[in-house]
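Have it open while you read, and go through the points in order.

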Amino acid sequence: MPAKIEQLAHMPLVWHRPELTRKYSKEPIPAAPLTLPPADDRPWPAHRGPSFDSPVDEKSRPSPASNASSDEGITYPEGGLEAWLVVLGSFMGTFASFGMMNTIGTFQAYISTHQLSGYRADQIGWIFSMYAFLSFFCGVQIGPIFDAKGPRLLVFAGSALIVASMLLLGVCTAYWHFLVVFGVLGGAGTSLIFTPAFASIGHFFLRKRGAATGLAAAGGSLGGVIFPLMLQRLFPRVGFAWATRILGFIFLASCAIANLLIRSRLPPEPGSSVLPDFRIFRQVAFAFTTAGVFFLEWGLFLPIAYLTSFGQESGAMSDAFAYQIMAVFNAASCFGRWASGWLADAIGRYNSMLVMLLLCGGSALTMWLPGTVLAVSSPGKSAITPLAIVFSIIFGFASGSGISLAPVCVGQQCVTEEYGRYFATCYTVVSFSTLTGIPMGGALIKACGGSYWGVAAFTGASYAASFVCFAWARVLNVGWELRGKY
């Protein structure tokens with residue numbers, strides 16, 4: 001017996017994880033020695049225990065020729081035909097869903113001067129805030145359902161809803177028509193598409209997840225470029241009804257491709273349920289990340305919703321150019337979503353997010369705010385259009401990170417099998433910022449006597465608060481080291 005005890009005392013310390021037992025085998029994955037991650041590598045959240053980048057049994061290590069990265073014994077293709085087809089499917093899904101979201105300023109400007117001309121800006125804002133709210137709030141169930149069942153039925157249901165929303169929008173005449181058709185149907189459909197579209201990418205990419213997600217999110221910005229310009233041309237030529245129907249047919253074609261290509265790869269989490277779990281907010285870094293996304297979205301939707309109206313009412317630009325300014329905004333956002341994802345893989349996801357938040361808040365306070373102040377007085381109006389263009393380019397480029405980087409930052413706080421649950425829980429809270437942001441913008445415009453300087457100042461303040469939250473989440477994970485990649 002003493003010899004046996006001495007033999008056990010000299011065995012290396014390992015961390016055994018029974019839950020990582022292979023689904024179709026009775027033999028567990030070889031356990032790794034208990035080690036801490038190197039200081040310059042991707043830090044693992046403190047609540048998750050030891051690093052999974054530790055040395056493992058050579059028989060269980062993926063072959064270098066496979067060009068795959070691993071996380072908790074799971075290998076990721078990091079490319080290949082199937083993986084990039086999923087990115088293409090997600091691109092087409094966001095082209096329709098987030099393209100619709102990025103066009104709400106065009107719809108707001110049109111219906112406020114036509115069908116709903118008798119309503120105040122804050123009242124009309126509830127239609128689009130309901131759309132944005134449901135786009136994120138519905139994720140509380142959609143994310144866990146994706147984890148358990150996969151994306152197929154979710155994407156199909158979302159496609160049916162947003163196509164129906166756009167085809168029915170042309171016959172809306174009353175306030176409640178727009179609230180139900182655009183706000184409820186469109187918002188639920190958008191959520192059903194974009195949640196699995198982003199989560200599916202996490203099944204195929206780990207090391208390149210930021211770039212892949214940014215590329216998929218660029219589809220929404222491309223839609224935001226095409227749709228406002230298209231509607232600007234179609235409204236006077238074929239009328240509101242047929243303009244929205246044509247947009248609905250484009251959604252139908254785009255969503256058909258998304259349904260064919262979006263798929264998941266990893267098996268469901270053992271014992272997973274479709275119920276949300278708010279206990280994960282006990283992880284302080286995740287709670288601050290969620291707060292950062294909350295303030296980010298609070299500020300993001302104000303320029304999207306009111307930049308066109310500001311251009312029309314400033315007296316410094318034509319109605320046609322006021323619609324086109326959103327195309328400029330979304331064109332810059334298209335590049336920003338891809339570039340911020342690429343930058344995230346190079347310098348760290350949180351580091352990249354902090355840079356983009358500085359650009360957003362700074363441009364709102366130094367360009368849009370002065371432009372709104374100049375619009376109040378007659379002198380200086382010639383500077384409004386250049387300021388609006390430069391603001392649209394810089395803010396549009398940097399704000400693209402809010403769509404492409406925020407999900408990746410959330411995913412850095414959890415294992416991949418739980419990503420849907422973390423994503424859904426985060427955006428359930430974030431959805432309340434999108435519910436209140438646009439009506440608050442309308443109330444600020446009314447309080448400022450029709451001027452937009454309050455909206456511009458609120459946008460800058462929201463991004464400043466978001467920067468503080470993301471910075472503190474980073475400090476909780478890697479400390480005060482500025483050059484650390486995180």
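**Notes on the predicted model**

1. Areas come from the Shrake-Rupley method with a 1.4 Å probe, and for residues only the protein chains shown count as cover. Tryptophan 342 sits in helix α10 (residues 319-347).

2. A word on ground rules. This is a predicted model, so local features need pLDDT of at least 70 and side-chain atom pairs pLDDT 80 or more, while totals for chains, interfaces and linings use all residues. Numbering runs from 1 along each chain as its sequence is written, and side-chain values use heavy atoms, with hydrogens and water left out.

3. Now the whole chain. It has 14 helices and two strands, taken as DSSP runs numbered from the N terminus (helices H or I, at least four residues; strands E, at least two). Of the 486 residues, 55% are buried; buried means under 20% relative accessible area, exposed over 50%, and partly exposed in between (1.4 Å probe, protein chains only). The accessible surface comes to about 19,800 Å², with 69% of that belonging to carbon and sulfur atoms. Among contacts (heavy atoms within 4.5 Å) with a separation of 6 or more, 82% are between residues 24 or more positions apart.

4. Arginine 120 counts as partly exposed because its relative accessibility is 39%, whereas aspartate 122, at 14%, is buried.

5. Have a look at helix α2 (residues 81-101) against helix α8 (residues 209-261): their axes come within 3 Å and cross at roughly 30°. The contact of α2 with α8 has 25 nonpolar, 10 polar and no charged residues. Axes here are lines fitted to C-alpha atoms, for helices over the stretch in contact, with angles from 0 to 180 degrees between N-to-C directions. Ala, Val, Leu, Ile, Met, Phe, Trp, Tyr, Cys and Pro count as nonpolar, Asp, Glu, Lys and Arg as charged, and the others, Gly among them, as polar.

6. Last, methionine 130, in helix α4 (residues 121-137). Its relative accessible area is 24%, so methionine 130 is partly exposed. Leaving out residues up to four places away in sequence, methionine 130 touches Leu179, Gly183, Val184 and Leu435.
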